[in-house]
Amino acid sequence: MQVEDHYSLLLGIQSPWEITSVDLKMAESRVDIYVEYMDSTGKCPECKNTHPTYDLRKTRTWRHLDTMQFSTFIHCQLPRINCPEHGVKSAQAPWANKQSGFTLMFEAFAIQVMLAAKSVEAARKLLGLNWKQLESIKHQAVNRGLARRSKDNIDYLGVDEKQFRKGHNYITTLVDIDQGAVLEVVEYRTEESCKTLIDKALNENQQSNVKAVCMDMWKAFYNAFSEKLPNASIVHDHFHISQYLNKAVDQIRKKENREFNTTSNNPLKKSKFLWLSNPENLSEEAKVQLNSLNELNLKVSKAWILKESFKPFWQYRSKSWAEKYFNVWYENVTKNKLPAMLKVADMLKNHIGNILTYFDHSISNAVAEGLNSKIQMTKSNARGYRSFEGFRVSILFHCGKLKMEP
Ligand SMILES: [Zn+2]
């Protein structure tokens, strides 16, 4: 068996394509394979009909999977086909996608490596590629995946923002809650960008069949979704609501802590985590500490009790009972006269209609928040993306649940 035959089998190259020479460079651990097209006719890439060849294009090179630890390159002059209907067109190489400098097998392998690797840098080293080449494979993989995405209805969406760069640079992500997949990402968190997001992610039919959208009480999101998806309910989710309640408790703690700092004995020293953790997750020692602090009748204690007493709200089955519970809770907040807490309670009261929708749909942004930490990892792995587009592609690559193989 000739070495050319061996590589023909290995690369799956068949007539009329033929390996004419193989150049093994032992010192460089590199093998160059030269392929020629051996027919005077070929298939037009547009209509797939057979027509005469016209000429040969200049030599192109494709990177293939390493063969026995040799970096492997295919070189070939692709023929151009003269189609009476479509004109003179380059024939498609059977081992690669149009425009790609890699063979199909190499691309499929690179995608698996990038998905599994801890960082972009680790994948880059394993594959022996530069950053630009990796980004190009990723980009094409994501485009394939998006084109293949199902057009079936999506019942529940989650929309959320995330800081992109330092300062006030945000991105907005749209998540399919049932699939746990990021559908699309846009820059900024304005009403306009949110509308673009909806149009990019969903076709008209999908837009009119969404049952509910989960979101923070952010005006721009609310406006965009109520206008674009008038059939969908808005659900202000409990994840964000508990964040607001936690923030209020923390503001009150900070202020009180400052007041105590002027005295010699500050009981609130190093107590931050006690007020913000879920009490069930605290150690026995921490629980004892929290209980003794609660006996001091501090403002932060009152705020903490209000925060904790909001939790049963989510346990109701009936909307009207939940609403009654909320009204009692709201009364309690007003009696306590803690401005930071009252501010949150007023905001909740103003939005109560779209908070109570939770009892029709029971969705939350928990899935979106889980994906958010994965997005954060993507960001730190890549040591920060300079361009938004690069970041978007990476998010969809890792969190889009796309079918990306070539
Ligand atoms: Zn044609």
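Good morning. I begin with aspartate 39, which is partly exposed, at 35% relative accessibility. Before I go further, please keep in mind that the structure on the screen is a predicted model.

Aspartate 39 sits in the loop that links strand S2, residues 30-37, to strand S3, residues 41-43. From there, one may look across to threonine 53: 14 residues separate the two in sequence, and their C-alpha atoms are 8.0 Å apart in space.

Is cysteine 83 buried or exposed? Cysteine 83 is buried, because its relative accessibility is 2% and the cut-off for buried is under 20%. Histidine 86, by contrast, has a relative accessible area of 28% and is therefore partly exposed.

Next, phenylalanine 70. This residue belongs to strand S6, which covers residues 70-76. With a relative accessible area of 16%, phenylalanine 70 is buried. Its C-alpha atom lies 17 Å from that of arginine 124, a residue 54 positions away along the chain.

Let me now step back to the domains. The domain assignment gives two entries for the chain: domain 1, residues 1-95, and domain 2, residues 238-361. How far apart are the C-alpha centres of domain 1 and domain 2? The distance between the two centres is 68 Å.

On to helix H8, residues 238-261, where serine 242 has its place. Serine 242 has a relative accessibility of 34%, so it counts as partly exposed. Tyrosine 170 is 72 residues from serine 242 in sequence, and the C-alpha atoms of the two are 22 Å apart.

I come to the helix pair. In general terms, the packing of two helices is described by the angle between their axes and the distance between those axes. Helix H4, residues 131-148, packs with helix H17, residues 388-399, at an angle of about 60°, and their axes are 9 Å apart. That angle makes H4 oblique to H17. The crossing of H4 past H17 is left-handed.

Glutamate 389 is found in helix H17. Its relative accessible area is 33%, and it is therefore partly exposed. What separates glutamate 389 from glutamate 187 in sequence and in space? The two are 202 residues apart in sequence, while their C-alpha atoms are 8.9 Å apart.

Finally, some points on the backbone. As a general rule, most peptide bonds are trans, and most residues other than glycine have a negative phi. Against that background, serine 15 and proline 16 are joined by a cis peptide bond, with omega at about 5°. Proline 16 lies in the loop between helix H1, residues 3-11, and strand S1, residues 17-25.

There are also positive phi values to report. Lysine 270 has a phi near 55°. Where is lysine 270 placed? Its place is in the loop between H8 and helix H9, residues 272-276. Lysine 270 counts as exposed, because its relative accessibility is 77% and the cut-off for exposed is over 50%. Lysine 401 likewise has a positive phi, near 50°. Lysine 401 lies in the segment after H17, and with a relative accessible area of 60% this residue is exposed.

Thank you for your attention.

How values were computed. Residues numbered from 1 in each chain as written. Predicted model: local features only at pLDDT ≥ 70, side-chain atom pairs only at ≥ 80, totals over all residues. Heavy atoms only, no water. Buried < 20%, exposed > 50% of the residue type's maximum accessible area, 1.4 Å probe, protein only. Domains from an automatic or database assignment. Axes fitted to C-alpha atoms, helices over the stretch in contact; angles between N-to-C directions. Helix = DSSP H or I, 4+ residues; strand = E, 2+ residues; numbered from the N terminus. Parallel < 35°, antiparallel > 145°, perpendicular 65-115°, else oblique. Left-handed = near helix turned anticlockwise from the far one by under 90°.
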